[in-house]
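This report describes the fold of one protein chain and the setting of selected elements within it. The structure is shown first.

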Amino acid sequence: MNDNNTNKLSPMQIKINDFISHIQFEKRLSDNTKNSYQNDLKHYRLYLEDKKIYSVENISKSDIEKYLEKLKKDDVKTSSIARKLTTIKAFHNYLFQTQIIAVDVSETIERPKLRKKLPNVLTIDEVDRLLNIECKTKFDYRNKSMLELMYGTGLRISEMLDLKLTDFDLENCIIRCYGKGSKERIVPIGEYTMESLIAYLEVRNLFLKRKNCEYLFLNNLGGRLSRFSFFKILKKMLEEKGIHKDVSPHSLRHSFATHMLEYGADLRSIQELLGHSDIATTKIYTHISNNKIKKEYEEFHPRSKK
């Protein structure tokens, strides 16, 4: 079936396309999020049509539950099933709100319980080692600036790589970034980050190759640096510094939040800096801090063990 040819679309696919257009306009979704929604609903539709269900009006709660059971039998990760159910719920809620269906049959289906995985973080000593970069080449200046910025502000990797030259206010030491749902927030920049940014900006023209680019961090061809390239840079630098941990770009964001909390920052302030819409998301860092306190108690208190 060719989804680009409206004459050949199934009734359900037409409703899915309408839903995707709606949320893309309302929530200003990123391409990655839109593609995830489309992919989830494609597999959902194919399952239903395989069961001879071609109209959204004919989908029952039992049909959704059987689809979720099939995913579980197929060894799909619990986190992926939870995400797919979130997509399905959003789709059915849209159908209900637009009066295409009379009842939202997905409303009472509970999401699978996820194990809270504590984020992997670097110690302060490891961060210091990672950021201790002797800048000799344009790449050194760029890499140091990116790492300082991620650890110094807690930006997501996508937020950092989407930064443009116009997003900086160097005079007031702040940056403007756009998080999930294109929600804007203002983040302060510390002295270390500011110093490395200014040093990088002085050599940034060396990346441009006689062309202009509005993005802050550039690759060697003068274009926007990709997530994959940053991941390779980070892995190489971790290896050079002898840090043998499973560290991702997101670990720098986790390290930022954890160290802020350990040094006494208010949870609400950390929530604002990270751009979390729900403080429950930020509270995961209290578990990390509590674990650290427990370990230190067991190690240093004279009567913690017999």
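What covers the buried residues of H1 includes H2 and helix H4 (78-97); contact means heavy atoms within 4.5 Å. The model is predicted: local features need pLDDT of at least 70, side-chain atom pairs count only at pLDDT 80 or more, and totals for chains, interfaces and linings use all residues. Residues are numbered from 1 along each chain as its sequence is written, and side-chain values use heavy atoms, with hydrogens and water left out.

Helices (H or I, at least four residues) and strands (E, at least two) are DSSP runs, numbered from the N terminus. The protein chain contains 13 helices and three strands. Of its 306 residues, 41% are buried, where buried means under 20% relative accessible area and exposed over 50% (1.4 Å probe, protein chains only).

The 17 residues of helix H1 (residues 11-27) should span 24 Å at 1.5 Å a residue, and the end C-alpha atoms are 24 Å apart, which agrees; the expected span is 1.5 Å times one less than the number of residues.

| Class in H1 | Residues |
|---|---|
| Buried | Met12, Gln13, Ile16, Phe19, Ile20 and Ile23 |
| Exposed, on the face turned away from the buried side | Pro11, Phe25 and Glu26 |

Lysine 34 lies in helix H2 (residues 31-50). Because its relative accessibility is 19%, lysine 34 counts as buried. Beyond its neighbours within four places in sequence, lysine 34 is in contact with Ile20, Gln24 and Leu29.
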